[in-house]
Amino acid sequence: MDIELLSSIPLFSELSEEELINISKQTVRQVYKKDNMVLIEEEIGSTMFVILDGRVKISRISDEGREVILSILCDGDFFGEMSILDGQTRSANAVTLEDTQMLIVRRENFLQMLYDYPQVAINLLKELAHRLRRSDSQIKSLSLQNALGRVASTILRIADDSGTIKHGQVEISSLPPQQDLANMAGTSRETIARVIKSLSQLGYVKKEGSKLIILEYDRFRQDFS
Ligand code: CMP
């Protein structure tokens, strides 16, 4: 396992080379093909995953059978830690959106890592705090806002997760498909198309193919977070 690659993963940041070598011995590297269901909601969990290269959709199915997308995870992100930590069943489904290379860590190895390397535990808690903040803002946007606000908040979450900022503008290089955006924002595909058009006309965003640019990030954040 490439130690430099391992050190670039936020969960393992600030560890020494020796510690990273130890960690690499406790992981297995595996490629999952696109559209592979890696985790199924309510199954018993005994492994957690770190994404080295690729994208994974985390979702649940509502009582009416509608997909609700909780997050789209990418390089350096991890998932599958919740059922390891609390002993309950998987809280959501995880599906690869493209061919994805991952590290797999068994439950006992992951728990041992947390005992052996407090920095891994702190990195884990930081990410869980980030996810809680994200969920809090998602709850706020779903309960308080109209369709425009909900879609804009969803775009903001994607920008914060994977956008690149330059001269006050944030570029999202590949916006998820409209149906996925709808399942993230709790609305329909038609509403997504209509709202993105309105946001363009209002001068908030510019769309170029699957790329979306937030023209004045500070103003956008102020108006929609
Ligand atoms: P686990 O419950 O073991 O299996 C499903 C995984 O999805 C879960 O662990 C988390 O890693 C991940 N997950 C659940 N909810 C969210 C969320 N809101 N944001 C990001 N990841 C999540």
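Let's start with a strand pair: β11 and β12 (residues 211-214) run antiparallel and are joined by four bridges. Strands here are DSSP runs of E with at least two residues, helices are runs of H or I with at least four, and both are numbered from the N terminus; two strands count as paired if DSSP finds at least two bridges between them. Within this pair, Val205 has Ile214 of β12 as its bridge partner.

Before going on, a word on the source: this is a predicted model, where local features need pLDDT of at least 70 and side-chain atom pairs count only at pLDDT 80 or more, while totals for chains, interfaces and linings use all residues. Residues are numbered from 1 along each chain as its sequence is written, and side-chain values use heavy atoms, with hydrogens and water left out.

Next comes β4 (residues 56-61), which is joined to β5 by six bridges in an antiparallel pairing. Ser59 stands opposite Ile69 in β5. The two strands make a hairpin with five residues between them, and Gly65 in the turn has a positive phi of about 85°. β4 also pairs with β7 (residues 93-96), antiparallel again, over four bridges; there, Ile58 has Ala94 of β7 as its bridge partner.

Now for the ligand. It is surrounded by 14 residues, the closest being Gly80, Glu81, Ser83, Arg90 and Ser91 (near means a heavy atom within 4 Å). An N or O atom in the Ser83 side chain is 2.6 Å from a ligand oxygen, and a backbone N or O atom of Gly80 lies 2.8 Å from an oxygen atom of the ligand. A polar backbone atom of Met82 is 3.3 Å from a ligand oxygen. Taken alone the ligand exposes 450 Å², of which the protein buries 93% (Shrake-Rupley areas, 1.4 Å probe).

Which elements give two or more residues to the shell around the ligand? They are β5 (67-73), α3 (81-86) and α5 (118-144). The largest share, three residues, comes from α3.

Conventions. Polar contact = N/O pair within 3.5 Å; in protein donor to acceptor, adjacent residues only side chain to side chain.
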